[in-house]
Amino acid sequence: MKVCFITSECAPFVKTGGLADVSGSLPEALTSNGVNVKVFLPLYDVVDTKKFGIVKLVDFPPAFVEIGDEKREFCIHSYKKNENLEFHFVDCPYYFGRGIVYTNDKDENERFIMFQHAVLKSLQYLQWQPDILHCNDWQSSYIPAMLKLQYSWDKLFENSKTILSIHNIGYQGIFEPDTVRKAGFGDSCFVLGGPFEFNGNANFLKTGIFYSDVVSTVSPKYAEEITTSEFGSGLDGVLRARKDNIRGILNGIDTIEWNPLTDKLIPKNYSYKNPEDKKYNKEKLLQKAGFDDETDIPLYGIVTRLAWQKGIELIIELCEKTKSENFRLIVLGSGEKEYEEKLTALSIENPGKIKVFLGYNNEFAHLITAGSDFFFMPSRYEPCGLNQMYSLNYGTVPIVREVGGLADTVTDISNEKEGNGITFRDFVYEEFEQAFHRSRKLFEDTKQMEKVIQRGMKNDFSWEKSAGEYLRLYESLKQN
Ligand code: ADP
Ligand code: GLC
(Lines give C-alpha, C1' and ligand atoms only; values in the text may rest on other atoms or scores of the structure.)
(Ligands and ions follow the chains in the order given, each with its own letter.)
Protein backbone atom coordinates (compact mmCIF):
# COMPACT_ATOMS: atom_id res chain seq x y z
CA MET A 1 0.00 0.00 0.00
CA LYS A 2 1.47 3.35 -1.09
CA VAL A 3 0.11 6.51 0.49
CA CYS A 4 0.90 10.09 -0.41
CA PHE A 5 0.10 12.23 2.64
CA ILE A 6 -0.26 15.93 1.82
CA THR A 7 -0.22 18.53 4.55
CA SER A 8 0.56 22.20 5.15
CA GLU A 9 2.43 21.56 8.43
CA CYS A 10 4.22 18.63 9.99
CA ALA A 11 6.07 18.17 13.31
CA PRO A 12 8.94 18.37 14.02
CA PHE A 13 9.71 20.47 10.91
CA VAL A 14 7.03 23.14 11.16
CA LYS A 15 4.04 23.47 13.47
CA THR A 16 1.28 25.94 14.30
CA GLY A 17 -1.26 23.50 15.77
CA GLY A 18 -2.54 19.95 16.01
CA LEU A 19 -2.42 19.26 12.27
CA ALA A 20 1.37 19.23 12.58
CA ASP A 21 1.25 16.69 15.42
CA VAL A 22 -1.02 14.41 13.39
CA SER A 23 1.06 14.76 10.21
CA GLY A 24 4.17 13.96 12.21
CA SER A 25 2.80 10.86 13.91
CA LEU A 26 0.10 9.22 11.74
CA PRO A 27 2.39 8.48 8.74
CA GLU A 28 4.91 6.91 11.09
CA ALA A 29 2.19 4.76 12.68
CA LEU A 30 1.06 3.69 9.20
CA THR A 31 4.54 2.47 8.35
CA SER A 32 4.35 0.12 11.34
CA ASN A 33 1.40 -1.44 9.51
CA GLY A 34 3.54 -2.02 6.43
CA VAL A 35 2.40 1.08 4.52
CA ASN A 36 4.87 2.97 2.36
CA VAL A 37 4.32 6.71 2.92
CA LYS A 38 5.53 9.88 1.24
CA VAL A 39 4.62 13.05 3.10
CA PHE A 40 4.55 16.31 1.11
CA LEU A 41 4.66 19.80 2.63
CA PRO A 42 5.87 23.25 1.59
CA LEU A 43 9.46 24.22 2.32
CA TYR A 44 8.71 27.37 4.34
CA ASP A 45 11.80 29.42 5.12
CA VAL A 46 11.11 28.78 8.83
CA VAL A 47 12.01 25.09 8.33
CA ASP A 48 15.53 24.46 9.58
CA THR A 49 16.85 22.28 6.74
CA LYS A 50 20.31 21.86 8.29
CA LYS A 51 18.97 20.70 11.64
CA PHE A 52 16.82 18.03 10.03
CA GLY A 53 19.18 16.98 7.24
CA ILE A 54 16.75 17.99 4.50
CA VAL A 55 18.54 18.03 1.14
CA LYS A 56 17.75 19.12 -2.38
CA LEU A 57 16.91 16.40 -4.91
CA VAL A 58 19.85 17.06 -7.20
CA ASP A 59 18.55 15.53 -10.40
CA PHE A 60 15.10 17.18 -10.18
CA PRO A 61 14.75 19.05 -13.49
CA PRO A 62 13.58 22.69 -13.67
CA ALA A 63 9.87 22.46 -12.93
CA PHE A 64 7.10 25.02 -13.16
CA VAL A 65 3.51 25.49 -12.09
CA GLU A 66 1.26 27.81 -14.04
CA ILE A 67 -0.84 30.00 -11.77
CA GLY A 68 -3.22 31.85 -14.05
CA ASP A 69 -0.95 33.79 -16.39
CA GLU A 70 2.19 33.41 -14.26
CA LYS A 71 4.75 30.60 -14.20
CA ARG A 72 6.41 29.79 -10.88
CA GLU A 73 9.46 27.59 -10.56
CA PHE A 74 9.89 24.99 -7.83
CA CYS A 75 12.14 22.12 -6.83
CA ILE A 76 12.00 19.36 -4.25
CA HIS A 77 13.96 18.79 -1.07
CA SER A 78 13.76 15.50 0.81
CA TYR A 79 14.42 13.77 4.06
CA LYS A 80 14.26 10.00 4.23
CA LYS A 81 13.40 8.78 7.71
CA ASN A 82 13.46 5.10 6.78
CA GLU A 83 12.76 2.78 3.88
CA ASN A 84 9.01 3.33 4.22
CA LEU A 85 8.81 6.97 5.19
CA GLU A 86 10.08 9.90 3.19
CA PHE A 87 9.29 13.61 3.53
CA HIS A 88 9.28 15.82 0.43
CA PHE A 89 9.32 19.60 0.66
CA VAL A 90 8.09 21.81 -2.16
CA ASP A 91 10.61 24.62 -2.49
CA CYS A 92 9.32 27.83 -4.03
CA PRO A 93 10.83 30.79 -2.19
CA TYR A 94 8.54 33.23 -4.00
CA TYR A 95 5.58 31.76 -2.10
CA PHE A 96 7.08 30.08 0.96
CA GLY A 97 9.83 32.49 1.93
CA ARG A 98 7.66 34.79 4.01
CA GLY A 99 8.85 34.17 7.55
CA ILE A 100 5.56 32.55 8.61
CA VAL A 101 3.45 29.56 7.68
CA TYR A 102 0.03 31.05 6.95
CA THR A 103 -0.34 34.64 5.76
CA ASN A 104 -3.08 37.15 5.12
CA ASP A 105 -1.38 38.09 1.86
CA LYS A 106 -3.66 38.45 -1.09
CA ASP A 107 -2.00 35.57 -2.91
CA GLU A 108 -2.55 33.06 -0.08
CA ASN A 109 -4.72 31.09 -2.53
CA GLU A 110 -1.86 30.99 -5.07
CA ARG A 111 0.57 29.67 -2.46
CA PHE A 112 -1.47 26.53 -1.97
CA ILE A 113 -2.48 26.17 -5.62
CA MET A 114 1.24 26.04 -6.38
CA PHE A 115 1.81 23.55 -3.59
CA GLN A 116 -0.86 21.13 -4.80
CA HIS A 117 0.18 21.15 -8.46
CA ALA A 118 3.79 20.78 -7.33
CA VAL A 119 2.88 17.64 -5.34
CA LEU A 120 1.23 16.01 -8.35
CA LYS A 121 4.04 17.06 -10.70
CA SER A 122 6.61 15.66 -8.27
CA LEU A 123 4.83 12.32 -8.18
CA GLN A 124 4.92 12.33 -11.98
CA TYR A 125 8.61 13.10 -11.95
CA LEU A 126 9.33 10.40 -9.34
CA GLN A 127 6.99 8.02 -11.19
CA TRP A 128 5.62 7.05 -7.81
CA GLN A 129 2.12 5.65 -8.09
CA PRO A 130 0.08 6.25 -4.94
CA ASP A 131 -2.82 3.98 -4.06
CA ILE A 132 -4.13 6.74 -1.83
CA LEU A 133 -3.66 10.49 -1.79
CA HIS A 134 -4.51 11.55 1.74
CA CYS A 135 -5.28 15.29 1.72
CA ASN A 136 -5.61 17.43 4.84
CA ASP A 137 -7.62 20.63 5.24
CA TRP A 138 -8.21 23.28 2.57
CA GLN A 139 -4.54 23.66 1.70
CA SER A 140 -4.60 20.32 -0.13
CA SER A 141 -8.29 19.92 -0.89
CA TYR A 142 -8.12 20.89 -4.58
CA ILE A 143 -6.07 17.76 -5.26
CA PRO A 144 -9.06 15.39 -5.71
CA ALA A 145 -10.56 17.77 -8.29
CA MET A 146 -7.17 18.33 -9.97
CA LEU A 147 -6.78 14.57 -10.35
CA LYS A 148 -10.23 14.10 -11.84
CA LEU A 149 -10.30 17.17 -14.07
CA GLN A 150 -6.68 17.95 -14.94
CA TYR A 151 -4.46 14.88 -14.47
CA SER A 152 -6.78 12.03 -15.47
CA TRP A 153 -4.85 11.61 -18.75
CA ASP A 154 -1.90 10.27 -16.75
CA LYS A 155 -2.02 6.52 -16.19
CA LEU A 156 0.10 7.04 -13.09
CA PHE A 157 -3.02 8.13 -11.20
CA GLU A 158 -5.38 5.68 -12.87
CA ASN A 159 -5.97 3.69 -9.70
CA SER A 160 -5.32 6.40 -7.12
CA LYS A 161 -8.08 7.13 -4.61
CA THR A 162 -8.44 10.27 -2.51
CA ILE A 163 -9.30 10.98 1.11
CA LEU A 164 -9.86 14.45 2.47
CA SER A 165 -9.38 14.76 6.23
CA ILE A 166 -11.07 17.78 7.76
CA HIS A 167 -9.18 18.92 10.84
CA ASN A 168 -11.16 22.10 11.26
CA ILE A 169 -14.16 23.17 9.23
CA GLY A 170 -13.75 26.72 10.51
CA TYR A 171 -10.98 27.21 7.95
CA GLN A 172 -12.21 26.61 4.39
CA GLY A 173 -9.91 28.57 2.10
CA ILE A 174 -12.44 31.07 0.76
CA PHE A 175 -11.05 33.38 -1.94
CA GLU A 176 -12.18 35.41 -4.95
CA PRO A 177 -13.74 33.46 -7.86
CA ASP A 178 -10.65 33.90 -10.05
CA THR A 179 -8.94 31.35 -7.76
CA VAL A 180 -10.62 28.59 -9.74
CA ARG A 181 -9.12 29.76 -13.04
CA LYS A 182 -5.74 30.33 -11.41
CA ALA A 183 -5.77 26.70 -10.29
CA GLY A 184 -6.19 25.64 -13.90
CA PHE A 185 -9.86 24.68 -13.85
CA GLY A 186 -11.86 25.90 -16.84
CA ASP A 187 -14.07 28.99 -16.45
CA SER A 188 -17.10 26.76 -16.83
CA CYS A 189 -16.31 25.10 -13.48
CA PHE A 190 -17.38 28.15 -11.52
CA VAL A 191 -21.14 27.60 -11.54
CA LEU A 192 -23.58 28.95 -8.98
CA GLY A 193 -24.21 26.25 -6.37
CA GLY A 194 -21.61 23.97 -8.01
CA PRO A 195 -18.58 22.28 -6.38
CA PHE A 196 -16.33 25.32 -6.84
CA GLU A 197 -18.72 28.08 -5.79
CA PHE A 198 -19.71 29.14 -2.29
CA ASN A 199 -21.63 32.38 -1.67
CA GLY A 200 -20.13 33.93 -4.78
CA ASN A 201 -16.56 32.92 -3.92
CA ALA A 202 -14.21 30.01 -4.43
CA ASN A 203 -14.03 27.57 -1.50
CA PHE A 204 -11.20 25.00 -1.50
CA LEU A 205 -12.73 22.82 1.19
CA LYS A 206 -16.15 22.60 -0.45
CA THR A 207 -14.50 21.47 -3.70
CA GLY A 208 -12.55 18.82 -1.79
CA ILE A 209 -15.65 17.51 -0.03
CA PHE A 210 -17.32 17.18 -3.40
CA TYR A 211 -14.51 15.49 -5.34
CA SER A 212 -12.73 13.29 -2.77
CA ASP A 213 -13.60 9.60 -2.67
CA VAL A 214 -14.03 9.71 1.10
CA VAL A 215 -14.19 12.51 3.64
CA SER A 216 -12.82 11.85 7.08
CA THR A 217 -12.60 13.94 10.18
CA VAL A 218 -10.69 13.64 13.39
CA SER A 219 -13.25 12.31 15.88
CA PRO A 220 -16.53 10.37 15.61
CA LYS A 221 -18.49 13.10 17.41
CA TYR A 222 -17.18 15.86 15.12
CA ALA A 223 -18.13 13.70 12.11
CA GLU A 224 -21.74 13.95 13.32
CA GLU A 225 -21.53 17.58 14.37
CA ILE A 226 -20.30 18.97 11.04
CA THR A 227 -23.44 17.74 9.32
CA THR A 228 -25.51 20.12 11.49
CA SER A 229 -26.01 23.84 10.91
CA GLU A 230 -24.62 24.62 14.38
CA PHE A 231 -21.17 23.16 13.61
CA GLY A 232 -21.04 22.90 9.81
CA SER A 233 -19.86 26.48 9.13
CA GLY A 234 -22.12 26.63 6.08
CA LEU A 235 -20.91 23.33 4.60
CA ASP A 236 -23.31 21.08 6.53
CA GLY A 237 -25.58 20.72 3.49
CA VAL A 238 -22.68 19.67 1.27
CA LEU A 239 -21.60 17.19 3.93
CA ARG A 240 -25.09 15.78 4.43
CA ALA A 241 -25.17 15.07 0.70
CA ARG A 242 -22.09 12.86 1.24
CA LYS A 243 -23.07 11.41 4.59
CA ASP A 244 -22.48 7.80 3.53
CA ASN A 245 -18.88 8.70 2.77
CA ILE A 246 -17.91 10.51 5.95
CA ARG A 247 -15.83 8.81 8.63
CA GLY A 248 -14.81 9.99 12.07
CA ILE A 249 -11.46 8.56 13.21
CA LEU A 250 -10.10 9.78 16.52
CA ASN A 251 -6.59 11.21 16.38
CA GLY A 252 -3.92 9.40 18.31
CA ILE A 253 -1.00 11.05 20.06
CA ASP A 254 2.75 10.59 19.85
CA THR A 255 3.28 8.46 22.93
CA ILE A 256 7.03 8.93 22.91
CA GLU A 257 7.09 12.71 22.73
CA TRP A 258 4.03 13.10 24.97
CA ASN A 259 4.63 10.57 27.71
CA PRO A 260 5.39 11.60 31.32
CA LEU A 261 7.61 8.55 31.71
CA THR A 262 9.91 9.37 28.78
CA ASP A 263 9.39 13.11 28.20
CA LYS A 264 12.82 14.73 27.87
CA LEU A 265 11.46 18.24 28.28
CA ILE A 266 10.15 17.95 31.87
CA PRO A 267 12.20 18.16 35.09
CA LYS A 268 11.15 14.76 36.45
CA ASN A 269 9.64 11.75 34.74
CA TYR A 270 6.76 9.90 36.37
CA SER A 271 4.03 7.36 35.61
CA TYR A 272 0.70 6.31 37.03
CA LYS A 273 2.62 4.17 39.48
CA ASN A 274 4.28 7.18 41.12
CA PRO A 275 2.04 10.17 40.38
CA GLU A 276 3.41 11.91 43.50
CA ASP A 277 6.55 12.72 41.44
CA LYS A 278 4.32 15.01 39.45
CA LYS A 279 4.55 17.43 42.39
CA TYR A 280 8.19 18.14 41.62
CA ASN A 281 7.15 19.31 38.16
CA LYS A 282 4.50 21.50 39.76
CA GLU A 283 7.14 23.17 41.95
CA LYS A 284 9.37 23.80 38.95
CA LEU A 285 6.46 25.13 36.93
CA LEU A 286 5.46 27.51 39.73
CA GLN A 287 9.04 28.77 39.93
CA LYS A 288 9.40 29.17 36.20
CA ALA A 289 6.11 31.07 36.00
CA GLY A 290 7.22 33.39 38.79
CA PHE A 291 4.89 32.17 41.56
CA ASP A 292 6.03 31.15 45.05
CA ASP A 293 6.24 27.35 45.34
CA GLU A 294 3.21 26.78 47.55
CA THR A 295 1.87 23.56 46.02
CA ASP A 296 -1.38 23.26 47.99
CA ILE A 297 -3.19 25.80 45.88
CA PRO A 298 -4.84 24.29 42.78
CA LEU A 299 -3.00 25.19 39.60
CA TYR A 300 -4.81 25.48 36.26
CA GLY A 301 -2.99 25.43 32.92
CA ILE A 302 -3.85 26.40 29.35
CA VAL A 303 -1.80 25.91 26.20
CA THR A 304 -3.58 27.06 23.08
CA ARG A 305 -3.91 29.10 19.98
CA LEU A 306 -5.81 32.18 21.14
CA ALA A 307 -8.63 31.81 18.63
CA TRP A 308 -12.42 32.23 18.78
CA GLN A 309 -12.78 28.44 18.57
CA LYS A 310 -11.06 27.93 21.92
CA GLY A 311 -13.62 29.71 24.15
CA ILE A 312 -11.15 32.15 25.71
CA GLU A 313 -14.04 34.46 26.68
CA LEU A 314 -15.06 31.95 29.36
CA ILE A 315 -11.56 31.97 30.85
CA ILE A 316 -11.49 35.77 30.91
CA GLU A 317 -14.92 35.94 32.58
CA LEU A 318 -13.88 33.34 35.14
CA CYS A 319 -10.79 35.35 36.07
CA GLU A 320 -12.90 38.47 36.43
CA LYS A 321 -15.62 36.87 38.53
CA THR A 322 -13.62 34.68 40.90
CA LYS A 323 -11.16 37.22 42.20
CA SER A 324 -11.65 36.24 45.83
CA GLU A 325 -10.96 32.54 45.22
CA ASN A 326 -7.67 30.91 45.89
CA PHE A 327 -6.37 29.31 42.69
CA ARG A 328 -3.63 29.93 40.15
CA LEU A 329 -3.65 30.02 36.41
CA ILE A 330 -0.87 29.81 33.82
CA VAL A 331 -1.72 30.61 30.21
CA LEU A 332 0.58 29.94 27.26
CA GLY A 333 -0.77 31.02 23.91
CA SER A 334 -0.70 33.36 20.99
CA GLY A 335 -3.16 34.48 18.40
CA GLU A 336 -5.87 37.12 18.26
CA LYS A 337 -4.76 40.46 19.61
CA GLU A 338 -7.91 41.10 21.63
CA TYR A 339 -7.42 37.94 23.69
CA GLU A 340 -3.72 38.60 24.10
CA GLU A 341 -4.46 42.08 25.45
CA LYS A 342 -7.26 41.06 27.80
CA LEU A 343 -5.29 38.19 29.26
CA THR A 344 -2.19 40.32 29.71
CA ALA A 345 -4.25 42.97 31.50
CA LEU A 346 -5.66 40.30 33.85
CA SER A 347 -2.19 39.04 34.69
CA ILE A 348 -0.99 42.57 35.44
CA GLU A 349 -3.98 43.12 37.76
CA ASN A 350 -3.54 39.76 39.51
CA PRO A 351 0.19 39.01 39.60
CA GLY A 352 -0.05 36.51 42.46
CA LYS A 353 -2.69 34.52 40.66
CA ILE A 354 -2.56 34.72 36.88
CA LYS A 355 0.51 34.43 34.68
CA VAL A 356 0.24 34.87 30.94
CA PHE A 357 2.94 33.96 28.44
CA LEU A 358 2.36 35.08 24.90
CA GLY A 359 4.10 33.11 22.18
CA TYR A 360 4.83 29.59 21.08
CA ASN A 361 7.05 27.45 23.31
CA ASN A 362 7.02 23.67 23.02
CA GLU A 363 9.19 23.02 26.07
CA PHE A 364 7.05 25.22 28.28
CA ALA A 365 3.92 23.52 26.88
CA HIS A 366 5.29 20.21 28.17
CA LEU A 367 6.04 21.70 31.60
CA ILE A 368 2.56 23.22 31.92
CA THR A 369 1.01 19.89 30.93
CA ALA A 370 3.10 18.03 33.53
CA GLY A 371 2.99 20.56 36.36
CA SER A 372 -0.63 21.75 36.41
CA ASP A 373 -3.40 20.10 38.41
CA PHE A 374 -6.11 20.96 35.89
CA PHE A 375 -6.12 21.86 32.18
CA PHE A 376 -8.82 24.13 30.68
CA MET A 377 -10.31 23.52 27.21
CA PRO A 378 -13.72 25.22 27.15
CA SER A 379 -13.87 25.19 23.32
CA ARG A 380 -16.81 26.46 21.30
CA TYR A 381 -16.03 23.55 19.00
CA GLU A 382 -13.11 21.09 18.93
CA PRO A 383 -12.66 18.69 16.02
CA CYS A 384 -10.42 16.46 18.10
CA GLY A 385 -8.11 18.34 20.45
CA LEU A 386 -4.80 16.85 21.49
CA ASN A 387 -4.09 18.76 24.67
CA GLN A 388 -6.84 17.03 26.64
CA MET A 389 -5.28 13.66 25.74
CA TYR A 390 -1.82 14.88 26.69
CA SER A 391 -3.23 16.19 29.99
CA LEU A 392 -5.04 12.97 30.79
CA ASN A 393 -1.87 10.94 30.29
CA TYR A 394 0.11 13.43 32.40
CA GLY A 395 -2.33 13.17 35.33
CA THR A 396 -3.59 16.69 34.76
CA VAL A 397 -7.37 16.68 35.00
CA PRO A 398 -8.99 18.29 31.94
CA ILE A 399 -11.97 20.63 32.24
CA VAL A 400 -13.64 20.61 28.84
CA ARG A 401 -16.81 21.41 26.96
CA GLU A 402 -18.59 18.30 25.66
CA VAL A 403 -17.94 18.86 21.97
CA GLY A 404 -16.12 16.97 19.22
CA GLY A 405 -13.07 15.02 20.29
CA LEU A 406 -13.29 16.44 23.81
CA ALA A 407 -16.59 14.59 24.27
CA ASP A 408 -15.07 11.44 22.79
CA THR A 409 -12.10 11.37 25.18
CA VAL A 410 -13.15 12.99 28.47
CA THR A 411 -15.77 11.41 30.74
CA ASP A 412 -17.20 13.49 33.55
CA ILE A 413 -16.48 12.49 37.15
CA SER A 414 -20.22 12.05 37.72
CA ASN A 415 -19.51 8.67 36.13
CA GLU A 416 -18.01 7.03 39.20
CA LYS A 417 -16.38 4.17 37.35
CA GLU A 418 -14.89 5.90 34.32
CA GLY A 419 -14.75 9.62 35.08
CA ASN A 420 -11.38 11.07 34.05
CA GLY A 421 -12.19 14.77 33.85
CA ILE A 422 -14.80 17.47 34.28
CA THR A 423 -17.17 18.36 31.47
CA PHE A 424 -19.93 20.89 30.80
CA ARG A 425 -22.44 21.01 27.98
CA ASP A 426 -23.49 24.44 26.82
CA PHE A 427 -21.22 27.32 25.96
CA VAL A 428 -22.55 29.54 28.76
CA TYR A 429 -20.53 31.05 31.57
CA GLU A 430 -22.64 29.59 34.41
CA GLU A 431 -21.97 26.04 33.27
CA PHE A 432 -18.27 26.70 32.98
CA GLU A 433 -18.12 28.26 36.43
CA GLN A 434 -19.93 25.25 37.87
CA ALA A 435 -17.36 22.96 36.28
CA PHE A 436 -14.63 25.09 37.81
CA HIS A 437 -16.24 24.81 41.28
CA ARG A 438 -16.50 21.05 40.88
CA SER A 439 -12.77 20.96 40.16
CA ARG A 440 -12.08 22.91 43.36
CA LYS A 441 -14.07 20.34 45.31
CA LEU A 442 -12.30 17.47 43.62
CA PHE A 443 -8.94 18.99 44.51
CA GLU A 444 -9.96 19.02 48.20
CA ASP A 445 -10.96 15.36 48.05
CA THR A 446 -7.46 13.91 47.61
CA LYS A 447 -8.57 10.28 47.43
CA GLN A 448 -11.09 10.92 44.69
CA MET A 449 -8.65 13.17 42.84
CA GLU A 450 -6.07 10.39 42.86
CA LYS A 451 -8.53 7.95 41.35
CA VAL A 452 -9.50 10.35 38.58
CA ILE A 453 -5.84 11.04 37.83
CA GLN A 454 -4.98 7.35 37.66
CA ARG A 455 -7.79 6.67 35.20
CA GLY A 456 -6.61 9.44 32.89
CA MET A 457 -3.01 8.27 33.06
CA LYS A 458 -4.05 4.76 32.08
CA ASN A 459 -6.05 5.88 29.02
CA ASP A 460 -4.44 4.59 25.83
CA PHE A 461 -4.42 7.24 23.09
CA SER A 462 -1.64 5.72 21.00
CA TRP A 463 -2.07 5.69 17.22
CA GLU A 464 -2.27 1.93 17.05
CA LYS A 465 -6.04 1.67 16.88
CA SER A 466 -6.67 4.74 14.72
CA ALA A 467 -3.86 3.98 12.26
CA GLY A 468 -5.49 0.57 11.82
CA GLU A 469 -8.80 2.29 11.07
CA TYR A 470 -7.16 4.47 8.40
CA LEU A 471 -5.51 1.42 6.90
CA ARG A 472 -8.84 -0.41 6.66
CA LEU A 473 -10.33 2.67 5.03
CA TYR A 474 -7.47 2.83 2.50
CA GLU A 475 -7.92 -0.87 1.78
CA SER A 476 -11.64 -0.57 1.22
CA LEU A 477 -11.04 2.32 -1.19
CA LYS A 478 -8.37 0.43 -3.04
CA GLN A 479 -10.73 -2.47 -3.66
CA ASN A 480 -13.42 -0.22 -5.15
P1 ADP B 1 -5.43 23.09 17.43
O2 ADP B 1 -4.85 22.27 16.34
O3 ADP B 1 -6.84 23.50 17.17
O4 ADP B 1 -4.58 24.26 17.77
P5 ADP B 1 -4.90 20.77 19.16
O6 ADP B 1 -5.26 20.54 20.58
O7 ADP B 1 -5.25 19.72 18.20
O8 ADP B 1 -5.52 22.18 18.75
O9 ADP B 1 -3.33 20.93 19.02
C10 ADP B 1 -2.61 22.02 19.45
C11 ADP B 1 -1.14 21.65 19.47
O12 ADP B 1 -0.35 22.85 19.43
C13 ADP B 1 -0.73 20.95 20.74
O14 ADP B 1 0.37 20.11 20.48
C15 ADP B 1 -0.33 22.11 21.64
O16 ADP B 1 0.51 21.72 22.69
C17 ADP B 1 0.35 23.01 20.65
N18 ADP B 1 0.32 24.44 21.01
C19 ADP B 1 -0.71 25.31 20.85
N20 ADP B 1 -0.35 26.54 21.26
C21 ADP B 1 0.92 26.44 21.70
C22 ADP B 1 1.87 27.37 22.25
N23 ADP B 1 1.55 28.64 22.44
N24 ADP B 1 3.10 26.92 22.58
C25 ADP B 1 3.42 25.62 22.40
N26 ADP B 1 2.59 24.70 21.89
C27 ADP B 1 1.35 25.10 21.53
C1 GLC C 1 -7.40 21.14 14.25
C2 GLC C 1 -8.40 21.11 15.36
C3 GLC C 1 -8.02 20.24 16.53
C4 GLC C 1 -7.42 18.92 16.06
C5 GLC C 1 -6.27 19.20 15.11
C6 GLC C 1 -5.62 17.91 14.59
O7 GLC C 1 -6.50 22.17 14.31
O8 GLC C 1 -8.72 22.41 15.82
O9 GLC C 1 -9.17 19.99 17.32
O10 GLC C 1 -6.98 18.16 17.16
O11 GLC C 1 -6.73 19.91 14.00
O12 GLC C 1 -6.53 17.07 13.93
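Helices (H or I, at least four residues) and strands (E, at least two) are DSSP runs, numbered from the N terminus. This is a predicted model: local features need pLDDT of at least 70, side-chain atom pairs count only at pLDDT 80 or more, and totals for chains, interfaces and linings use all residues. Residues are numbered from 1 along each chain as its sequence is written, chains are lettered from A and ligands numbered from 1 in the order in which they are written, and side-chain values use heavy atoms, with hydrogens and water left out.

**View 1. The shell around ligand 1.** Ligand 1 is surrounded by 21 residues. The closest are K15, G18, R305, K310 and G359. A residue belongs here if one of its heavy atoms lies within 4 Å of the ligand. By class, six shell residues are nonpolar, ten polar and five charged. Ala, Val, Leu, Ile, Met, Phe, Trp, Tyr, Cys and Pro count as nonpolar; Asp, Glu, Lys and Arg count as charged; the others, Gly among them, count as polar. β14 gives the largest share of this shell, three residues. Domain 1 (2-252 + 464-479) and domain 2 (275-460) each supply at least three residues. The domain bounds come from an automatic or database domain assignment.

**View 2. Backbone contacts of ligand 1.** A polar contact is a pair of N or O atoms within 3.5 Å; within protein, one must be able to donate a hydrogen and the other to accept it, and residues adjacent in sequence count only if both atoms are side-chain atoms. A backbone N or O atom of G18 sits 2.6 Å from an oxygen atom of ligand 1. For G359, a polar backbone atom is 2.8 Å from a nitrogen atom of the ligand. For N361, the distance from a polar backbone atom to a ligand nitrogen is 3.0 Å. Alone, ligand 1 exposes 560 Å², and the protein buries 93% of that. Such areas come from the Shrake-Rupley method with a 1.4 Å probe; for residues, only the protein chains shown count as cover. Elements giving two or more residues to the shell are α1 (18-31), β14 (299-306), β15 (328-335), α13 (362-371) and α14 (387-393).

**View 3. A parallel sheet.** Six strands form an open sheet, in the order β16-β15-β14-β17-β18-β19. The pairing is parallel. Two strands pair if DSSP finds at least two bridges between them. β16 (354-358) and β19 (422-424) are the edge strands, each pairing on one side only. β14 and β15 pair over eight bridges. G301 stands opposite I330 in β15.

**View 4. Ligand 2 between two domains.** Here 14 residues surround ligand 2. H167, N251, Q309, E382 and G385 are the closest. Both domain 1 and domain 2 give residues to the shell, so ligand 2 lies between them. α1 gives the most, with three residues. The shell has six nonpolar, six polar and two charged residues. An N or O atom in the side chain of E382 is 2.5 Å from a ligand oxygen. A polar backbone atom of C384 lies 3.0 Å from an oxygen atom of ligand 2. The protein covers 92% of the 310 Å² of accessible area that ligand 2 has on its own.

View 5. Most residues other than glycine have a negative phi, and most peptide bonds are trans. The bond from A11 to P12 is cis, with omega near 5°. P12 is in the loop between β1 (2-6) and α1. D137 is not a glycine, yet has a positive phi of about 60°. D137 is in the loop between β7 (132-136) and α5 (143-149).
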